[in-house]
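Q: I have a model open and want to learn to read it. Can we take it feature by feature?

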Amino acid sequence: MSLEIEVNGENREVNSPPDTPLLWVLRDELHLTGTKYGCGIAQCGACTVHLNGRAIRSCQVAVGDVGASSITTIEAVNSLAANAVRQAWTELDVVQCGFCQSGQIMQAIGLLERDPQPTDELTDAVMGSVACRCATYVRIRSAIHRAAEILGDSQ
Amino acid sequence: MSASLSRRDLLKTVASAALVLGFQPSGALAKSTPTGGNLTPFVKIFPDGRVAAIIKHFEGGQGTATGLSALIAEELNMSLQDIEFEMAPSDYDRYANSIIGAQATGGSASLADSFIQYRTAAAAARDMLITAAAETWGVPIESLTLRDRMISGGGRSGSIAEFVGQAVLLPVPAEPRLKDPEDWTVIGVDQKGRLDTPAKINGSAIYSMDLQFENQLVVAIKRTPRLGGRVAQIDDSAARQISGFVKAVAMPNGKGVMAYADTTWAAFRARDALDIEWDFSSAESRSSNELRDELTSLISAEPQFQASTTDLATTSAALADAAYLVEQEFYLPMLAHAPMEPMGATIEPLADGGVILHDGSQSPGHGHEVVSEILDLAWDSVQVNTLYAGGFFGRRSTPDADYIVELALAFAETDRTRPVKLQWSREDDITGGYYRPAYAHKVRIGIDDGGTIIGWDHRVAGQSLFKGTSGEPYMVQNGVDATSVEGVRDTPYLIPALHVGLSDQKGATTPNWWRSVGHSHTGYVMECAIDLCARTAGEDPVAFRLKHLVGDATDQKRMAGVIRLAAEKAGWGKALPDGHFHGIAAHKAFGTYVAEVCEISVDDDNLVTIEKFTAAVDCGIPVTPDIIRAQIESGIGYGIGHVMRSAITLTDGTVDQSNFHDYETLRIYDLSSIEVHIVQSTEPPTGVGEPGTPPAGPALANAIATSGLPMATHLPMIDHGIRFA
């Protein structure tokens, strides 16, 4: 039995069993491999995608529970905040190994869409859930400041 | 075939050939010929004028793709941003790291190894393109310059694309002239623009885990929970209920059971559903407390090996004359590398019976070797496709090529028609048994009444990284594994009567080099010990260090240089806000000198907050300054993250931790500010991937001790009563 889910603006038919985590459907079935597996238990945030615009851990959502929600992944995320985040990440050369960065970026976009001028306290609280073993954190923080500035300028 | 046709073909071949420069196995500079040619390519100029750097040291975040490309861009007078890069194929002889001796990435040696090679190859390409243009235009070579892929001079100008075909036919200059450092426009220029950024911010960068072949099998392995355990019996009845499960097969070496499935999730689930009876009769059964007690007795007993030129009697005599004696034991636990990307790789079968190993490979040659051996394939029937690695910190290369061996064994147990991907879970990674071993140290340091160190007895005990591996002949002399005592016996501090004793422990897990190798524990102990000495002597930690780094010898000068710079930039000695404290540490590793000042604040409940790190690094010529900065930032984060909270422990031979909830990692809120200052230098460049790590932990420990809280001599700090805000 197949399911239909909306991913990156398209309706996709998927055949994975409904209890399969969305993460593995995205990666193994839809080949959207920008979304990463890092822990499988919502401790690292590498698998962060947007569900109806909210940053969530795709390893914790069964594909059968997605229903009519729309899913956006790193490959297609596109908004003022997304552009600002990508620009800031590029200007500051945030990435190192890059494996966690899809999750960092998706979480940062989620943060800025909720509050385009986040305080460091809010940034810590929200971004604290996404781990980076290269410890690019200082640049992530600076890049969020920079993205907020870009968003401020575009108002 | 008519003559005119073959001539047309020849012209076509020439027109479509890229100019490829590299080195022959003999070390001679060479170009590729129409039949390929026996050379190691470092730079390719395509017929359309595009330029590619061939990256022989894999990109796992440390910036090699950008760093090696910068060397090419420099000699071709072009923007770094216009360079394309591709990963080198595996070739032991041709791409051997001149420092490590194998095709491998490690020892923070990539740039040091490549600095001359890449520039020489690119300089030869530049000279050949200019010569081709000079011949075509009938003008003197000296009148032409190449910049931004345009050749111009004498009133003419043209793209290099026009001259690639002709340049291919020219002889290779014997000794192309490298640009003078004062003419550099790429090397040393502080600019952003890592070449791997675009692919890493849109999800298109491909790591081992990301390959998705039609019809691939995914394998997850249930491994023995205790070193030395063997599979006795498998019950796969529950696994067979899982949709997508294919089969379960015991590994021929008995170390685990391979679950094959159509998807990763099915493989993980099936693996977890396997009911395996283990034979633990010869398995490890010790707990970490016992192992720690063993280490503690080893450092108090007569050392098994003398690792210094000074013997114990000489040092003991010096200590007998000391006005003050500093005595301290240290314990540093086992640590997992835990790169963000759990281990994994794919073997893809080819129609001709050969295979491609797809791997974010730290040692492509080693992977090549074990795959051809296990699959009984000729060397040339195996190719290695090196992909991005999601971090490594030493983990993607082990003396036994662990996960590549597993993958090859898994592939061998199929009909070899389907690609096989091996995928580790995070639990596999944390419990996987490849760790930075635990170490215990004991120092006894004598100080005279003028506050000068006059003798130092240093005992180290722990597992040897190299004994029993193919590296043993190179790394072990007179029983001493050089990595167990590096950073102690070769310290830049001027310490008379330094005795270093080493005792090996038989470990319960497999030792594996971990970011900065021996320096990961020796740096911590040395720099905490120096601070204890300064405290005992009643002297300022910076002044005390500098006092033991006098003279004009390189080691002392460069170490003192970074200490002065870090201290100055951090405002060392100036008043700090109430409740704020500084600590400093400095260390030399892999030829690079790093000093770090850590500023902490301590609140009324004694909760510690890390406010800022200020670092100074001397890595010779700073080729790509912003990548140097990034690597020091990363090294600091990796260093403090582990000393704060991380440990792998065992109960009855089984690992207690399993994932990031109990093997905690540094988070963004742990550290808000890092400043890195780079020493301007004309010394040959040395690496930066690892040297930022060793001083970070002790700088934090020394800041904490300065605040009046205990110095954390037993790690992690949270086990020593230190609490973080």
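Q: In what order do the elements of chain A run?
A: Start at the N terminus and walk along. This is a predicted model. From that end, chain A reads β-β-α-β-β-β-α-α-α-α. That gives five helices and five strands.

Q: What radius of gyration does chain A have, and what would a compact globule have?
A: Compare the chain with a globule of equal length. For 155 residues, a compact globule would come near 15 Å; chain A has 15 Å, so the two agree. The C-alpha trace spans about 50 × 35 × 25 Å along its principal axes. Of the residues in chain A, 59% count as buried.

Q: Which residues touch the most other members of the largest nonpolar core?
A: Begin with the general idea. In soluble globular proteins, nonpolar side chains tend to be buried together. Here the largest nonpolar core has 280 residues, and B:Val219 and B:Ala259 touch the most other members. Helix α3 of chain B, residues 110–137, gives the most to this core: 14 residues. Contacts of B:Val219 include B:Met258, B:Ala259, B:Tyr260 and B:Leu422.

Q: In what order do the five strands of the open sheet in chain B lie?
A: The order is β2-β1-β3-β4-β5, with mixed pairing. At the edges sit β2 (29–31) and β5 (83–87) of chain B, each pairing on one side only. From one strand to the next, the twist averages 25°.

Q: How many bridges join β1 to β2 in chain B?
A: Three, and these strands run antiparallel. B:Gly22 has B:Ala30 as its bridge partner in β2(B).

How values were computed. Residues are numbered from 1 along each chain as its sequence is written. Chains are lettered from A and ligands numbered from 1 in the order in which they are written. This is a predicted model: local features need pLDDT of at least 70, side-chain atom pairs count only at pLDDT 80 or more; totals for chains, interfaces and linings use all residues. A nonpolar core is a set of buried Ala, Val, Leu, Ile, Met, Phe, Trp, Tyr and Cys residues joined through C-beta atoms within 7 Å. A residue is buried if 20 or more other C-beta atoms lie within 10 Å of its own, exposed if 12 or fewer, and partly exposed in between; C-beta atoms are placed from the backbone. Helices (H or I, at least four residues) and strands (E, at least two) are DSSP runs, numbered from the N terminus. Two residues are in contact if their C-beta atoms, placed from the backbone, lie within 7 Å. Two strands pair if DSSP finds at least two bridges between them. Axes are lines fitted to C-alpha atoms, for helices over the stretch in contact, and angles run from 0 to 180 degrees between N-to-C directions. The radius of gyration is taken over C-alpha atoms; the globule rule is 2.2 Å times the number of residues to the power 0.38. Lists of a residue's contacts leave out its neighbours within four places in sequence.
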